[in-house]
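Please walk through this protein chain with the model open beside the text.

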Amino acid sequence: MKKFLKIAALLAALIECAALASCSNSSGSPAPAAPIATTYTVSVGTFDNGTVAASKTSGVAAGETVTLTATPASWYDLKTLAVTAADSSAVATSGTGNTRTFTMPAQNVTVSATFSLSYDIVTFGLWPQTIKADSVTVDTSVTEPHGAFTYCKGSDGEWYVKQAEKACESGYKYSDGTAAGQGGTSEKWFKVEPIKWRVLATNYGENKLLLAESILIGKRYDDNKNNYKDSEIRAWLNNGFLQSAFTAAQQSSILATTVDNSERSTNPAAHAAYWNFGNNQYACDNTSDKIFLLSEKEVTTSAYGFAAYDKYVGDSIGTTSSTRILVTTDFAKATGAYQDSNAGMGGWWWLRSPYYHIGLNALYVDYHGKADSPNIVNNDRGGIAPALCVAN
């Protein structure tokens, strides 16, 4: 009986081995698992003045095509775009403009980009602009006259100008987060800095046309008239700003320019139907100026980097241009210039063009870049962005 049981157990073991063998390959080893595909990542950084998006950032197979789309901020263009592999080798890209493609290598990659202004910037002259830092002290015994200003030396070696605070609204803040005072009863120091100018054209006549890149001061256009030739603002630009912002040598290099004040400079031909068919009784004679304000026609000229617009399309306002948005400096806030509080918005700044319909109004560019609004000339919330010409 015992012998029979041993034989039965042996048979059962043989049957189990046969079953296991049926699950094995011909070599007697377990069947291998399916291979796992190798994929890679595309890392895109964050950049000043623009963004880049990749069509795929993870699970990218070697040999796969990836598309990169750059989106520059307003006023900026894509300057460089590069793809670098993990071993620091460069990955070739193809395409032009803001869309590029590359073939994924068998390793992770990183995307980098730079963005540059779509127009040239030059510095010329000096003007108080930024609120003084708390860490700086001003020595009022060390002074230097500059036109209407008296510069005083700061402990950081820079010059400063004192200004009574006349912010146009409560709640205004300077760039350092401090509150701007109202009413002219308090005073603050502002750092004198190079003025940045946007190069609008190199063929303004035969000269280079420059526009201040920021709103530099708050001023009214005039007390009671919109005739640019006789306006307060024209007089101040050429007998105030000119002498305060520039050295004698710099003043000599600024060219006297024949400024077009005709009806067509105030009423572009494209707006003729709205603008009383070009008739503007407030247009004045041309002037010869070293410093001037832009006209409505100039600030809607695409060759100067501004988008053109239709005055009205039916009952709706036409397009606007962010290239017309100018930000108000700290000093300009202290002198009463307006600055919108919403992100990406600017202040509003006077044009030299008179409104055709009412004698106490002139045109201005508003805080989101619209260039067709009239305002009463004695409104002192308006900002000044001067223009001038220099030789090429």
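Which residue stands opposite Leu388 in β27? Ile291 stands there. Before going further, note that this is a predicted model, in which local features need pLDDT of at least 70, side-chain atom pairs count only at pLDDT 80 or more, and totals for chains, interfaces and linings use all residues. Residues are numbered from 1 along each chain as its sequence is written, and side-chain values use heavy atoms, with hydrogens and water left out.

Start with strand β27, residues 387–391. Helices (H or I, at least four residues) and strands (E, at least two) are DSSP runs, numbered from the N terminus. Two strands pair if DSSP finds at least two bridges between them. Strand β19 (residues 291–292) pairs with β27 over two bridges, in the antiparallel sense. Strand β14 (residues 207–212) also pairs with β27 in the antiparallel sense, over five bridges. Here Leu210 stands opposite Leu388. Four of the five residues of β27 are buried, so the strand is largely enclosed by the rest of the structure. Buried means under 20% relative accessible area, exposed over 50%, and partly exposed in between (1.4 Å probe, protein chains only).

Next come two open sheets. Strands of a sheet pair through backbone hydrogen bonds, either parallel or antiparallel. Strand β8 (residues 109–117) runs parallel to β1, and three bridges join them. Val42 faces Val109 of β8 in this pairing, standing opposite it.

Another open sheet of four strands runs β2-β3-β7-β6, and its pairing is antiparallel. At its edges stand β2 (50–54) and β6 (93–94), each with a single partner strand, so one side of each lacks a neighbour in the sheet. The antiparallel partner of β6 is strand β7 (residues 99–103), joined to β6 by two bridges. Thr93 has Phe102 of β7 as its bridge partner.

Now turn to the rings. The structure holds 20 aromatic pairs. Rings of Phe, Tyr and Trp (its six-membered ring) pair if their centres lie within 6.5 Å; planes under 30 degrees apart count as stacked, over 60 as edge-to-face and the rest as tilted. Take Phe149 and Phe331: their ring centres are 6.0 Å apart and their planes stand at 85 degrees, so the pair is edge-to-face. This pair links distant parts of the chain, with Phe149 in strand β11 (residues 149–154) and Phe331 in helix α5 (residues 330–334), 182 residues apart. Phe149 is buried at a relative accessible area of 11%. Phe331 is buried too, at 1%.

Tyr174 and Phe190 form another edge-to-face pair, with ring centres 5.6 Å apart and planes at 80 degrees. Tyr174 sits in the loop between β12 (159–164) and β13 (187–204), while Phe190 is in strand β13, 16 residues apart. Tyr174 is buried, with a relative accessible area of 3%. Phe190 is buried at 0%.

The spaces come last. On a 1 Å grid over the protein atoms alone, a cavity is a set of points where a 1.4 Å probe fits but cannot get out; a pocket is an open set with protein on both sides within 12 Å along at least five of seven lines; lining residues have an atom within 4 Å of a point. Grid points are joined across faces, edges and corners, and a volume is the space filled by probe spheres set on the points.

The second largest pocket has a volume of about 310 Å³. Its lining has 17 residues, and the closest to its centre are Gln163, Ile217, Gly218, Lys219 and Thr335. Both β16 (217–218) and α2 (232–245) give two or more residues to this lining. Helix α2 provides the largest share, four residues.

The largest cavity has a volume of about 40 Å³. Among the residues lining this cavity are Tyr228, Asp260, Asn261 and Arg352. Strand β23 (349–354) and helix α4 (263–266) each supply at least two lining residues. The largest share, three residues, comes from β23.
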